[in-house]
Amino acid sequence: MDIENVREPSVPARELATICVLAIVAGAVIGVVGGAFRWCLERLERWRIHTVEWAHELPGPGWLVPVGITILGALLAALIVRMVPLASGSGIQHVEAVDRGQAEPPPLSVLPSRFVGALLSIGSGLVLGREGPIVHMGAAVGAETARRARRPEHERLLQTSVSGAGLAVAFNAPIGGALFVVEEVTGSFRFRTVVPVVLSVAAAVACSRTIVGDTPDFAVDPIAPPSIVLLPVFVVFGLLTGLLGAAYNRMVLGSLSVVESVRSISPVTKAAIIGGLIGLLSVVAPWAGGGGDSLVQHVVSGGALALPVVAWYVLLRFVAGPLSYAAGTPGGLFAPLLALGALWGLLCAGICAGICAAIVPGIGSSLSVPMAIAGMAALFGASVRAPITGVVLVVEMTAATGVTVPILAATTCAVVVAYSTRVPPIYDSLRDRMFGTPPDRG
């Protein structure tokens with residue numbers, strides 16, 4: 001990351017004031033839009049789970065109902081993408097491309113297409129995240145605000161700044177949203193960027209909280225800091241998570257390549273077929289579908305899951321997330337990564353518990369929730385290569401400050417291992433795919 005503050009040319013006070021005012025206005029807009037999107041998505045998720053439960057009680061092939069819903073949702077979302085191609089996938093890679101001058105800022109048409117398309121795809125059960133669409137909607141709002149204010153010179157800056165506000169709204173994590181812009185999108189710390197980002201994030205989160213509430217995304221009981229004796233366990237866990245993160249990136253890119261290689265079938269039909277597969281998977285294992293918030297909440301609240309069940313869900317979501325993304329419908333990667341990380345942490349904690357208990361009697365039982373939370377940040381860091389954003393994001397989402405040191409240890413080790421595999425960060429790879437350039441493995 002480049003730190004550009006002392007040598008950066010000074011910004012005229014009037015120009016900076018104008019940027020800040022526009023950032024606040026755009027932040028407030030994406031706060032309302034993103035909050036409404038989250039509100040709708042939460043209700044769709046509950047409805048989806050209830051529908052699966054209801055379908056199990058139906059006589060005959062009742063399982064066809066939730067499968068049909070996922071097919072229909074994926075198909076309609078793909079039709080929206082056909083009309084607005086920029087609505088496909090996460091959108092974060094496009095935000096980064098705009099910041100680097102490789103693409104033009106998104107038009108306002110991205111907002112309604114992403115809003116409706118992501119509700120259809122995620123709400124129907126595809127394993128996609130809410131953050132990508134909200135980040136991209138934020139970028140569109142920021143760029144449009146500059147256009148309406150007749151400040152084209154600020155268009156890229158505002159799309160970048162308000163994209164961070166979008167991430168903050170997606171996870172109710174203001175500091176994480178601001179860090180996302182600095183660490184992931186721009187890769188630099190510049191006064192001209194940081195000030196509008198912070199103001200936009202503050203306005204966005206303040207507005208979104210009037211809709212979705214001001215509590216952390218996940219309710220976690222107070223956690224005592226794990227014993228220092230267990231720190232090496234988190235280090236080893238982080239090393240293994242780095243390998244998993246690299247493998248997940250390869251799985252995402254491989255799924256995209258395989259689906260794109262089938263040229264005899266239209267993209268809309270491909271999305272419907274993938275929707276059918278994910279819908280069928282959700283019938284067999286309800287927590288295997290959707291963004292994964294309900295699953296994460298169960299895990300971090302100490303809910304019981306047998307170890308074979310946890311391993312089964314790790315495998316299912318490891319495959320279902322990349323497959324869902326390959327459908328090309330609106331939806332992100334962050335939320336599924338967090339859910340997979342929590343499951344992976346729970347699985348490793350269960351395996352390690354017996355070993356730790358044999359070495360230090362009674363200490364293994366305290367691993368499950370801390371390692372699940374550490375797994376969320378570590379897998380995020382390994383895949384995206386934004387470790388500070390990952391750590392802060394997860395701490396804000398869980399308010400679990402007592403496990404900060406183990407989270408830092410696991411995430412740092414995960415990122416180091418992921419870099420050593422020479423598998424590129426996921427958004428670098430996705431951005432390269434936009435322009436048909438080979439990924440940089442340096």
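Predicted model: local features only at pLDDT ≥ 70, side-chain atom pairs only at ≥ 80, totals over all residues.
**Reading pockets and one buried serine**

User: How many residues line the largest pocket, and which lie nearest its centre?
Analyst: A pocket is an open set of points on a 1 Å grid over the protein atoms alone, where a 1.4 Å probe fits, with protein on both sides within 12 Å along at least five of seven lines, and its lining residues have an atom within 4 Å of a point. Here 24 residues line the largest pocket, and Val81, Ser88, Gly89, Glu260 and Gly328 lie nearest its centre. At least two lining residues come from each of α2 (64-83), α3 (92-99), α9 (231-261), α10 (267-284) and α17 (426-435), helices being DSSP runs (H or I, at least four residues) numbered from the N terminus.

User: What is the volume of the second largest pocket, and which helix gives the most to its lining?
Analyst: A volume is the space filled by probe spheres set on the grid points, which are joined across faces, edges and corners, and for the second largest pocket it is about 510 Å³. Of the 23 residues that line the second largest pocket, Arg38, Glu42, Arg130, Asp293 and Ser294 are the closest to its centre. Helix α1 gives the most to this lining, with 7 residues, while the lining of the second largest pocket as a whole divides into 8 nonpolar, 8 polar and 7 charged residues.

User: Is serine 324 buried or exposed?
Analyst: Buried means under 20% relative accessible area, exposed over 50%, and partly exposed in between (1.4 Å probe, protein chains only). Serine 324 counts as buried because its relative accessibility is 0%, and this residue lies in helix α12 (residues 307-325). Leaving aside residues up to four places away in sequence, serine 324 touches Leu126, Val127, Leu128, Ile274 and Ile278, a contact meaning heavy atoms within 4.5 Å.

User: What pLDDT does the protein chain average?
Analyst: The pLDDT is the predictor's confidence in each residue, from 0 to 100; the protein chain averages 89, and 93% of the residues score at least 70.

Methods. Residues numbered from 1 in each chain as written. Heavy atoms only, no water. Nonpolar A, V, L, I, M, F, W, Y, C, P; charged D, E, K, R; others polar.
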